[in-house]
Amino acid sequence: LPVKAADFFSEAVARGWSDGLPVLPPTIDAVRRMAEAGGLAAGYSLGVIPPLNGAATVEKIAANAVMAGCLPEYFPLLLAAVRGVLRPGYNLDGVQTTTGNVAPVLVINGRCRDQLQINYGANALGQGWRANATIGRALRLVLTNIGGATPGIFDKSTLGQPAKYTFCFGENEEQSPWDALVVERGFAPGDNVVSVFGCSG
């Protein structure tokens with residue numbers, strides 16, 4: 001039976017699956033298309049996400065990407081972002097449970113910025129760009145729905161900040177007077193790279 005978006009949104013809010021904004025139904029077909037775009041088996045796990053150590057399988061990540069409104073072509077970047085926050089140096093457990101207002105920020109480098117219409121120009125930290133909004137939002141849903149960082153329960157942030165909804169943008173490599181972040185981090189100019197770090201507002 002077809003799922004009505006409004007009904008699913010109400011159910012998602014009731015079950016704690018949403019960030020408070022509307023989410024799209026993760027239908028079997030939509031999740032399958034999303035997962036296939038990552039080039040990995042649906043059951044493959046990238047690791048476990050604290051604090052509840054849920055398995056970050058491709059299929060679960062894909063379901064959250066669908067709910068966030070991602071297009072399948074964004075999915076490889078989301079997988080890279082999840083890999084990034086799972087690296088030991090990122091301290092994901094601390095980011096997920098701190099009383100501070102730390103949120104993950106994603107900085108995108110490379111040709112994919114134009115291919116996927118990731119904003120890195122005017123209003124790059126603001127509204128209006130599907131890729132920026134939904135890639136960052138999908139990571140937040142992954143951290144909440146798979147990792148269990150539910151606000152007020154395991155996410156102990158006292159005040160939080162708007163960046164906890166989504167914080168993803170491209171670096172304006174072409175107009176920067178400095179080496180691009182991708183080069184500083186040891187990659188070649190033009191490489192498609194996602195950098196992740198925790199930021200406080």
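Colleague: How much space lies in the largest cavity?

Modeller: Keep in mind that this is a predicted model. The structure holds 1 cavity of 30 Å³ or more. The space in the largest cavity comes to about 50 Å³.

Colleague: Thanks! Which element gives the largest share of the lining of the largest cavity?

Modeller: Happy to go through the lining. Among the residues around the largest cavity are Pro104, Leu106, Gly136, Leu139 and Arg140. Two elements give two or more residues each, β3 (103–109) and α7. The largest share, 3 residues, belongs to α7.

Colleague: And how many residues of that lining are nonpolar, polar and charged?

Modeller: Ala163, Lys164, Tyr165, Thr166 and Phe167 also line the largest cavity. The lining divides into 2 charged, 2 polar and 6 nonpolar residues.

Colleague: Let's turn to the cysteines. How many disulfides does the structure hold?

Modeller: A disulfide needs two sulfur atoms within 2.5 Å. For cysteine 70, the closest cysteine sulfur is in cysteine 168 at 8.9 Å, so that pair is too far for a bond. Cysteine 112 also has its closest cysteine sulfur in cysteine 168, at 9.3 Å, again too far for a bond. The number of disulfides in the structure is 0.

Colleague: One more, please: is asparagine 119 buried or exposed?

Modeller: Asparagine 119 sits in the loop between α6 (112–115) and α7 (130–145). Leaving aside residues up to four places away in sequence, asparagine 119 touches Ala124, Trp129, Asn132, Phe169 and Gly170. A polar atom of its side chain lies 3.3 Å from the backbone oxygen of asparagine 123. Because its relative accessibility is 5%, asparagine 119 counts as buried.

Conventions: Residues numbered from 1 in each chain as written. Predicted model: local features only at pLDDT ≥ 70, side-chain atom pairs only at ≥ 80, totals over all residues. Heavy atoms only, no water. Helix = DSSP H or I, 4+ residues; strand = E, 2+ residues; numbered from the N terminus. Buried < 20%, exposed > 50% of the residue type's maximum accessible area, 1.4 Å probe, protein only. Polar contact = N/O pair within 3.5 Å; in protein donor to acceptor, adjacent residues only side chain to side chain. Contact = heavy atoms within 4.5 Å. 1 Å grid on protein atoms, 1.4 Å probe; cavity = no way out; pocket = protein on both sides within 12 Å on 5 of 7 lines; lining within 4 Å. Points joined across faces, edges and corners; volume = space filled by probe spheres on them. Nonpolar A, V, L, I, M, F, W, Y, C, P; charged D, E, K, R; others polar.
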